[in-house]
Amino acid sequence: MGNELIRALEERVRAFTENGDAAVVLDETALVQAQQLAALLRIPVEDSRPGHTEALTVLGWLYWYRHQALPRGHGGSDLDTCLALFSRLFAMTPELVPDQVTKRLTQINSLPDATAQARHQGIVLVNGYERSGNLDQLDAAIDLFQQVVDTTPGDHPNRAMHLANLGYTLQTRYERTGRSHDLDQAVTVGNLLVDALPTSHPARVAYLSDLGDLLRTRVEITEQPGDLDTAIDLLRDATESTPTGHPDRAAMLSNLGYTLLARRERTGQQIDLTEATERFRQAFDATRTERRDDSVSYRAGNTEQTEPDAQADTPSLETPRRFVNSRICQARTDIDVPRGLPLEQETGYEILINIGQADDRSLLSHAVFPDQHLPPGGLWLTVVAFAPEILEKPEERALFLPSRGDSFVCPCTPDSSDAPRHTCTPGQRLPHVRIPFTTPENRRALTVRLAIYYRAAVVHVHELALQVGEGSGPTGTVVYTLTQSFSDLGAFATRTLSVMTTASSGSADAQVYVNGVTIQPLAYTYNDAQAENACRQARETLFHIHLPADPPWTSLYQDQGKNQGDYETDLRSLARVGRDIYASFFRTDHQKIGGMLRHEASAGPAIVQIARPITERLAIPWQMIYDLPMQSDDPDLYRCPSLREFGPATEVVPDIPSMCPYLAEHPARQSILCPFGFWGLAHILEIPPHLGEQPNLPHIVHNNTDTPLATLVGWNTQLSPQPESRQESERHLQALRDSALGVLRPEIQSRKQLAEALSPSDMDLVYLYCHGDRRTPPGASVSNPLLVLGAGETFNPQDVSGWSELYGWPDPHWRGRQPLIILNACQSGAILEATLADFVGVFTQTVGAAGVIAAEVALEQRLAGHAMEIFLTQLTAGGVSVGEAMRHMRWALLKRGNLMGFAYSPYCAADLLLRPPSPPRTT
């Protein structure tokens with residue numbers, strides 16, 4: 001096949017030279033043939049067999065003539081490919097390289113000696129590798145850069161530059177292959193580079209920091225403590241030599257902090273934790289300085305170009321709609337795997353992803369959606385592929401999405417400013433993220449999960465089902481999305497950490513994926529059954545903290561609280577099961593995840609986003625997760641002073657900080673009981689539901705600030721057999737009427753009334769204060785949730801999904817005013833793995849609510865009313881988000897020794913507001 005492709009391309013080159021027919025070299029078939037030939041041969045630099053030199057020659061001429069045939073300014077990528085091919089040919093047989101190309105190669109370098117030509121050839125090969133992922137190009141570049149270093153005298157002014165090229169490519173190959181030899185060589189070259197630069201050289205600081213990072217990476221493999229000591233010394237040198245305001249200072253300070261934490265984990269030295277905390281604080285201060293500096297997009301003498309759309313106002317109504325496209329192609333080509341056919345065994349393929357016009361070749365079927373409100377200048381996104389069976393680690397790629405048009409990949413460094421700047425040319429922009437993989441040797445089914453992140457937040461996830469050796473062709477399914485347009489992502493910029501769980505399916509194990517602002521994407525495998533058991537145990541522990549095991553279920557709380565001793569006993573029980581959940585999902589890197597969150601919390605409560613795809617049927621009580629060390633029945637338990645300072649022992653509770661004020665006093669190797677170890681107390685949790693066909697995740701219920709709040713209330717007057725139950729229901733209802741909620745009259749007590757009342761868009765809150773139950777349908781083995789209104793008026797999620805048709809709801813429903821649903825009912829949010837339907841999903845995906853607040857466990861009636869009165873008072877105060885109000889409610893109950901704030905989960909955006917915040921008054 002290779003000889004046939006060579007002959008076909010030679011005919012095209014001959015036709016162009018003889019007749020000047022540009023079509024023969026520009027048409028798509030010519031490009032496909034060229035890609036097929038390059039993919040077949042994978043020619044090593046040192047191989048000068050006739051067939052290989054012949055192929056390089058014809059490929060080089062084809063791309064040379066394509067460059068000539070295209071209009072000026074449109075053939076840059078073809079010229080780059082041509083020069084890369086002829087550079088490799090020059091290394092074998094220079095006489096076969098045409099004079100005009102040789103001249104171009106030497107002109108680019110301006111130094112026509114062998115060293116300069118070798119360096120240039122290496123750079124061309126590296127550029128080619130970054131576009132194609134072809135490891136042969138990277139191998140050849142490393143050989144050339146090593147040759148350049150070996151032939152450059154130690155006192156030559158360019159030696160440092162040559163060492164930097166060699167070190168970069170060695171590190172790149174290590175990150176691609178994981179070979180420890182490359183990491184060792186990169187460390188050796190890094191030391192030589194730092195020694196070659198004078199202390200006054202402006203680049204020396206960056207190379208010191210890079211070398212420190214390499215040493216810290218090597219410690220994770222070799223466990224040599226001396227590398228950590230050296231890395232800390234280098235990073236201290238780098239940070240102390242970097243002036244305030246330098247754009248790299250924050251990253252260097254963070255790197256130093258994490259390296260100190262790594263040493264503290266191994267040695268237990270308290271001084272390392274103290275310094276790490278201070279370095280993280282300095283990093284945050286430096287980040288704020290950089291953000292202020294980034295608000296000025298033009299600087300004198302700056303040659304950077306603003307993204308072409310940066311000057312545009314809001315997109316016109318005719319802006320084309322955009323879709324996520326995902327394809328499987330043969331390696332290093334754009335040739336799709338034939339529909340319906342399985343992948344071949346031990347064969348290289350690539351996943352191609354972009355966002356833009358609908359592509360008929362895509363494996364994903366998309367709903368139509370509008371594209372609006374994307375910030376001028378566009379956004380940097382990150383595509384991450386998770387497939388442990390074929391990828392050694394998560395593969396991460398940057399993707400730029402302009403405010404209009406298709407996404408692209410370019411060599412520019414991603415930045416988080418509101419107006420990203422690009423220095424690339426149109427010819428350097430590639431249409432797809434490409435993720436290479438090789439199929440295994442045996443026949444099997446594979447699952448690849450691909451997530452698209454905006455900063456730390458996951459906004460889209462789809463799964464590719466691949467059959468190898470036998471079976472059907474590749475298929476794709478969207479399993480989670482927070483956006484249908486990728487145009488409303490700016491609101492997610494403040495997320496600190498995202499956690500996504502996916503249940504086991506087919507050949508794929510259950511996994512949890514983590515991404516953060518200061519950590520790279522991580523993946524952990526977990527056991528479905530163990531995780532469900534840990535979650536069930538946590539809910540049962542929370543239940544028995546406030547209710548006895550047997551009826552009559554009278555609250556164990558006196559006046560909604562407990563004394564300090566009983567409170568600490570309860571908190572310890574919950575911390576133990578919360579730690580079990582944490583260990584079930586994060587079997588390693590415990591300190592990395594918890595430490596990163598505490599670092600980010602130094603500037604205010606961290607916002608942790610929990611993504612739950614439609615394939616995940618297990619609802620995890622994330623607010624109960626405990627990330628500090630905790631052993632069962634540990635006699636040496638350390639009791640943090642925060643237990644008393646923020647608990648019932650204190651008369652007046654101070655403002656709740658975002659992190660424990662006694663963190664520096666926590667011991668290194670000891671069980672620790674501290675309220676700030678719970679995610680639901682230390683951080684603001686966001687558990688946004690999968691949107692389905694809903695256009696986007698709301699962040700404001702209603703934009704009209706002049707419209708008074710309106711709340712629809714449904715209630716059950718007899719929540720328990722006790723005679724005082726009705727009195728408590730009426731007391732709670734009157735408290736709601738007396739608040740700022742704007743309760744609509746009459747209150748709802750039947751299913752039909754509720755279904756009819758939910759039709760119009762005239763409410764901001766729907767508050768259901770009722771009984772929750774579960775019922776197993778005839779012939780089924782799994783129970784479904786029920787809500788009970790009035791005198792036995794029950795309904796389940798399937799009933800709710802049919803109300804739009806039965807009661808003539810408008811379509812679309814609740815556009816412009818999407819209320820928050822509060823299900824203050826027992827176990828209204830406790831979704832187990834085998835549950836077929838749930839209220840959270842039906843109210844958000846089907847009905848169109850802005851979100852749902854639901855209870856994880858059974859709750860005593862008075863306590864449930866008291867908790868939601870605290871929450872709603874905060875939420876209606878003005879400018880207070882759901883996440884902030886939820887955190888406030890938990891701490892307010894904790895002050896009374898009451899842990900039942902953990903019973904509620906917010907399935908919505910953490911920053912959801914009932915109304916837009918009022919603008920500040922000016923004088």
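This is a predicted model: local features need pLDDT of at least 70, side-chain atom pairs count only at pLDDT 80 or more; totals for chains, interfaces and linings use all residues.
Residues are numbered from 1 along each chain as its sequence is written, and side-chain values use heavy atoms, with hydrogens and water left out.

Student: Are α12 and α13 roughly parallel or roughly antiparallel?

Tutor: The axes of α12 (residues 225-240) and α13 (residues 249-267) come within 9 Å and cross at roughly 155°. Angles under 35 degrees count as roughly parallel, over 145 as roughly antiparallel, 65 to 115 as roughly perpendicular and the rest as oblique. Therefore α12 and α13 are roughly antiparallel.

Student: Is S828 buried or exposed?

Tutor: S828 lies in the loop between β23 (820-824) and α24 (839-847). Its relative accessible area is 7%, and the classes are buried under 20%, exposed over 50% and partly exposed in between (1.4 Å probe, protein chains only). S828 is therefore buried.

Student: Which backbone oxygen does the side chain of S828 reach?

Tutor: Leaving aside residues up to four places away in sequence, S828 touches L787, L823, F839, A854 and A855, where contact means heavy atoms within 4.5 Å. At 3.2 Å, the side chain of S828 reaches the backbone oxygen of A825.

Student: What is the relative accessibility of S472?

Tutor: S472 sits in the loop between β9 (457-468) and β10 (475-481). Not counting residues up to four places away in sequence, S472 touches G340, L341, P342 and Q467. S472 counts as partly exposed, with a relative accessibility of 43%.

Technical notes
Axes are lines fitted to C-alpha atoms, for helices over the stretch in contact, and angles run from 0 to 180 degrees between N-to-C directions. Helices (H or I, at least four residues) and strands (E, at least two) are DSSP runs, numbered from the N terminus. A polar contact is a pair of N or O atoms within 3.5 Å; within protein, one must be able to donate a hydrogen and the other to accept it, and residues adjacent in sequence count only if both atoms are side-chain atoms.
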